[in-house]
Amino acid sequence: MKLATYQDGSRDGQLVVVSRDLTQAHYATDIATRLQQLLDDWNFLSPQLEDLSTTLNQGKARHAFPFDPAMCMAPLPRAAARLLAPPEGSLRRVASDALMGAREAWFGAAGPLQAVPGLVAITGDIDTGADAGQALDGLRLLALGLDWQQDGESLSAGFSPVAVTPDELGEAWRGGRLSVPLLWRRNGQALGALDLGEALPQGLGERLAEAVRRRPLRAGSLLMLAAQPADLGGLAEAEGLAPGDGLSLVAAEPLGEEAFGRLDNAVGQLA
């Protein structure tokens, strides 16, 4: 199933179920109002949401409405924890508040910025000492992400409009790796494609196991498998971002934009 968090004037937004083709949505209010609520009680609530998702995809949901990515906040606007996993080196815990939706602009520190693309895991509870297989069992949802950085420090992150259960990705998702390239544009100009399955030496299970080596992860934690600019070749042009610059990130075919939707973040102009 595919899920999104809609703006509703609150800090945590409203949980909606989104159709597979991203054309329709339905509020999940009768089941769960927020994504964190779902993650806290996944085994009980997710089957009910799967039923709603099936009904929505069959065109039988009575209160469906057109899906609008511009209404999407980050899936978890305030996460329990956020970890950044570079291709090499240790995991880093980074800021987990004030996370950005798919159409938001960054209004923060002045000066040149860089953005790093990646695949984001949204977890349930994962116990201390879990091995890679056990840790992967704690994976609940996947999203695309852009980590916004300055001088190597993570300031915030933007997320694709929808987060998806791994089964939505079919054969492209195997053993904790997404084998479909991510397509990357700056101000509408294609910068290239990045296949995280090839670019990163470890799968998601191994990185999640590393995260719980000494302490658990609680439901609502985020871990981003990131590709650093130095490893991106032509994609390193996502450095030196200034006000007015925009970045776009989507999955390539055969999944295409319908997999996660399109992430479009920009650098805003401070008053």
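Which are the buried residues of helix 5? The legends below take up this question and then turn to other close-up views of the model, which is predicted.

**View 1. Helix 5 and what covers its buried residues.**
Helix 5 spans residues 204-211 and is mostly covered, with seven of its eight residues buried. The buried residues are Leu 204, Gly 205, Arg 207, Leu 208, Ala 209, Glu 210 and Ala 211. Several elements take part in covering these buried residues, including strand 5, strand 8 (114-123) and helix 3 (132-137). Strand 9, strand 12 (173-174) and strand 16 (221-226) are also among the covering elements.

In soluble globular proteins, nonpolar side chains tend to be buried together.

**View 2. The surroundings of Phe 260.**
Leaving aside residues up to four places away in sequence, Phe 260 touches Leu 22, Leu 119, Leu 142, Ala 143, Leu 144 and Ser 160, among others. The residues it touches also include Pro 161, Val 162, Val 164, Leu 169, Leu 178 and Ala 251.

**View 3. The aromatic cluster of Tyr 6, Tyr 27, Phe 65 and Phe 67.**
The structure holds four aromatic pairs. In one of them, the ring centres of Tyr 6 and Phe 67 are 6.2 Å apart and the planes are at 25°, so this pair is stacked. Tyr 6 belongs to strand 1 (residues 2-6), whereas Phe 67 is in the loop between strand 4 (65-66) and strand 5 (81-85), so the pair ties together parts that are 61 residues apart in sequence. Tyr 6 counts as buried because its relative accessibility is 3%, and Phe 67 counts as buried at 9%. For Tyr 27 and Phe 65, the ring centres are 5.0 Å apart and the planes are at 40°, so the pair is tilted. Tyr 27 lies in strand 3 (residues 24-27) and Phe 65 in strand 4, so the pair ties together parts that are 38 residues apart in sequence. Tyr 27 counts as partly exposed, with 35% relative accessibility, while Phe 65, at 18%, counts as buried.

**View 4. Gln 149 and its polar contact with Asp 147.**
Gln 149 is located in strand 9 (residues 139-150). Its relative accessibility is 2%, so Gln 149 counts as buried. The side chain of Gln 149 makes a polar contact with that of Asp 147, at 2.8 Å.

**View 5. Arg 92 and the backbone oxygen of Gly 152.**
Arg 92 is found in strand 6 (residues 92-94). With a relative accessible area of 30%, Arg 92 is partly exposed. A polar atom of the Arg 92 side chain lies 3.3 Å from the backbone oxygen of Gly 152. Arg 92 and Val 164 are 72 residues apart along the chain, and their C-alpha atoms are separated by 24 Å.

Key. Residues are numbered from 1 along each chain as its sequence is written. This is a predicted model: local features need pLDDT of at least 70, side-chain atom pairs count only at pLDDT 80 or more; totals for chains, interfaces and linings use all residues. Side-chain values use heavy atoms; hydrogens and water are left out. Rings of Phe, Tyr and Trp (its six-membered ring) pair if their centres lie within 6.5 Å; planes under 30 degrees apart count as stacked, over 60 as edge-to-face and the rest as tilted. Helices (H or I, at least four residues) and strands (E, at least two) are DSSP runs, numbered from the N terminus. Buried means under 20% relative accessible area, exposed over 50%, partly exposed in between (1.4 Å probe, protein chains only). A polar contact is a pair of N or O atoms within 3.5 Å; within protein, one must be able to donate a hydrogen and the other to accept it, and residues adjacent in sequence count only if both atoms are side-chain atoms. Contact means heavy atoms within 4.5 Å.
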